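Hi there,

Here is the structure I promised to pass on to you. Please open it and keep it in view while you read the rest of this email.

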Amino acid sequence: MDQQDLHSQRMDHLGIVAGICNEIGLIEQIDQQIDDTGRKVSVGQAVQAMILNGLGYASRALYLSPEFFDNKPVDLLIGEGIEAADLNDDCLGRALDKLFEKGVTEVFASVSARALQVFGIETQFAHLDSTSFGLHGEYKSPENA
């Protein structure tokens with residue numbers, strides 16, 4: 001009888017999280033907003049990997065991401081052709097740099113709007129946290145005029 005080379009991989013709850021990311025088109029939403037870097041792992045794929053790592057109950061630093069994904073089906077969770085070693089700190093750090101350059105708030109807003117649309121969630125209110133706004137300089141007052 002031929003002996004087959006079998007190995008197992010753990011997906012745990014990450015399959016559900018990746019499924020939701022796929023349903024809202026997270027990778028595509030991000031990749032549409034950020035220019036192609038020409039790298040093997042797109043910015044959208046890197047973000048999905050960081051989300052999965054962050055929700056993996058491991059609290060590991062980014063440089064340990066390849067170790068986190070080592071026993072997981074990366075091709076199913078992130079994308080075909082992607083391997084655990086591809087999700088290194090250089091790859092993820094560069095993706096974070098690209099997100100910062102584009103504007104994290106803007107990218108998050110568009111991804112969130114898409115998620116609301118996909119799941120049919122209606123919003124009645126919008127909130128602006130104005131505590132993050134600052135003013136520098138002097139007011140012109142009647143005494144200074």
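Below are some notes on one helix and on a pocket. Do keep in mind that this is a predicted model.

Let's start with helix α6, which covers residues 89–102.

Which residues of α6 are buried? They are C91, L92, A95 and L99. Looking down the axis of α6, you will find these buried residues within an arc of 90°, which means that they line one face of the helix. The buried residues of α6 are covered by, among others, α2 (26–33), α3 (43–54), α4 (65–69) and α7 (104–118). On the face turned away from the buried side, look for the exposed residues F100 and E101.

Both ends of α6 are worth a look. Just after the helix comes G103, with a positive phi of about 115°.

Now for the largest pocket, with a volume of about 180 Å³. Its lining includes L99, along with L26, I30, V47 and I51. Two or more lining residues come from each of α2, α3 and α7. Which element gives the most to this lining? That is α7, with five residues.

Enjoy exploring!

Best wishes

Conventions:
Residues numbered from 1 in each chain as written. Predicted model: local features only at pLDDT ≥ 70, side-chain atom pairs only at ≥ 80, totals over all residues. Heavy atoms only, no water. Helix = DSSP H or I, 4+ residues; strand = E, 2+ residues; numbered from the N terminus. Expected span 1.5 Å × (residues − 1). Buried < 20%, exposed > 50% of the residue type's maximum accessible area, 1.4 Å probe, protein only. Arc of directions from axis to C-beta. Contact = heavy atoms within 4.5 Å. 1 Å grid on protein atoms, 1.4 Å probe; cavity = no way out; pocket = protein on both sides within 12 Å on 5 of 7 lines; lining within 4 Å. Points joined across faces, edges and corners; volume = space filled by probe spheres on them.
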